Amino acid sequence: MTTDAGDRLRTLLPQNAAERLQSLRLAEGRATLVLDATGLATSDRDAMEAAVKQALEGDAEVSEVRVAMMADKADEAAPVKSGPVQKIIAVGSGKGGVGKSTVATNLAVALARSGRKVGVVDADIYGPSQARLLGTEGQKPVAHDSRLVPVASQWGVPVLSMAHLSNPGQAIAWRGPMASGAVTQLLQGHWDDAEIIVVDLPPGTGDIQLTMLQKFKPAGAVIVSTPQDLALMDATRAVELFSKSGVPIIGVVENMAGYICPHCGEVSDPFGTGGAEAAAREMGTAFLGRIPLDIAIRRESDAGTPTAAGDGPQAEAFANLARSVADWVDSR
Ligand SMILES: Nc1ncnc2c1ncn2[C@@H]1O[C@H](COP(=O)(O)OP(=O)(O)OP(=O)(O)O)[C@@H](O)[C@H]1O
Ligand SMILES: [Mg+2]
């Protein structure tokens, strides 16, 4: 394309589109434009695209117009544009079974107890657990304006999970893009009242995590690790994934740290102590505390009565975690 043709086409653009022009190419009669659509509602984008097409199609050298709208990621991330700005806190780990879901539930419940408006999104599409953990199994969310309304739980924490949308025991065998679409639906629910959305991530670094990080840029991430070396190595990987995606790490929680004997209450450390704290220090991230391995936590989780909603040292451990996370959110 000659500079002349480029300049001429530029002058044909409506002013609001010209201001947003990122690039313009003309090759074999096809004009390709990239516009910055940050902050535009869908209807405004459509109108701008139509106006651009109309303006350029009249040019003798142009036989086809293609318009690509690019939006700033953070801008698309806001689940509700006009409501209060929700902060997404992702709870992740490098490896499965370390207690992400348990920590996510109890963190949310502890935050709610401290007066925060908080919701939970279960991004584990293939193995959802939040309906069970929050005692909302069997409830079905309704949709308003084609967006899901979160399901209320007894703990003051509304929740959206695939478990609310699929039948119990039904295997979900969706491919990556569909699963990512499902996560998007859960995150774009009516979260208007929530100040913080705690997202329970599936383990690993697959499509779902990537969609999450790219589309709904979390404000920060909490990494859950167990004291074993292997889990710590995996935690390092999770830290790297978040860091690479530009998501700040709030810190590392050591879960199943020390075993509390259900009979005598004595604490033992079959996997050693301090490993996660040392690893957090090495990775330059904060250490957010320890949650002991306690059969009561498991029992309460299975019963849908989160430990953080009760009293006692374990509830206190989750309350401390919530305090650290809330302080971090407030400092942003
Ligand atoms: N501190 C704890 N004490 C006792 N049991 C725990 C503790 N944390 C988690 N558990 C139990 O360990 C199991 C795994 O926990 P959870 O489902 O939260 O892990 P996860 O990391 O979310 O797993 P997945 O990767 O499968 O999603 C559950 O049965 C849970 O009740
Ligand atoms: Mg889980």
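This is a predicted model: local features need pLDDT of at least 70, side-chain atom pairs count only at pLDDT 80 or more; totals for chains, interfaces and linings use all residues.
Is G97 buried or exposed?

**View 1. Surroundings of ligand 1.** Ligand 1 is surrounded by 20 residues, and the closest are G96, G99, K100, S101 and T102. Two or more residues of this shell come from each of the elements α5 (100–113), β11 (249–260), β13 (287–293) and α11 (295–303). By residue class, the shell comprises six nonpolar, 10 polar and four charged residues.

**View 2. The loop between β4 and α5, with G96 and G97.** G96 lies in the loop that runs between β4 (87–92) and α5, and G97 is found in the loop between β4 and α5 as well. G97 counts as exposed because it has 11 C-beta neighbours inside 10 Å, and the cut-off for this class is 12 or fewer. G96 has 13 C-beta neighbours inside 10 Å and therefore counts as partly exposed. In an unreviewed UniProt entry, the residues listed under "binding site" are G94, K95, G96, G97, V98, G99, K100 and S101.

View 3. Helix α3 spans residues 42–57, 16 residues in total, and extends 22 Å from its first C-alpha to its last, close to the 22 Å expected at 1.5 Å a residue. M48, V52 and L56 are buried in α3. Because the buried residues of α3 fall within an arc of 55° when seen down the helix axis, they line one face of the helix. Exposed residues T42, S43, D46, A50 and Q54 are carried on the face of α3 turned away from its buried side.

Notes:
Residues are numbered from 1 along each chain as its sequence is written. Chains are lettered from A and ligands numbered from 1 in the order in which they are written. Helices (H or I, at least four residues) and strands (E, at least two) are DSSP runs, numbered from the N terminus. The expected span of a helix is 1.5 Å times one less than its number of residues. A residue is buried if 20 or more other C-beta atoms lie within 10 Å of its own, exposed if 12 or fewer, and partly exposed in between; C-beta atoms are placed from the backbone. The arc is that of the directions from the helix axis to the C-beta atoms. A residue is near a molecule or strand if its C-beta atom, placed from the backbone, lies within 6 Å of it. Ala, Val, Leu, Ile, Met, Phe, Trp, Tyr, Cys and Pro count as nonpolar, Asp, Glu, Lys and Arg as charged, and the others, Gly among them, as polar. UniProt positions are given in the numbering used here, feature names are shortened, and annotations may be inferred rather than shown by experiment.
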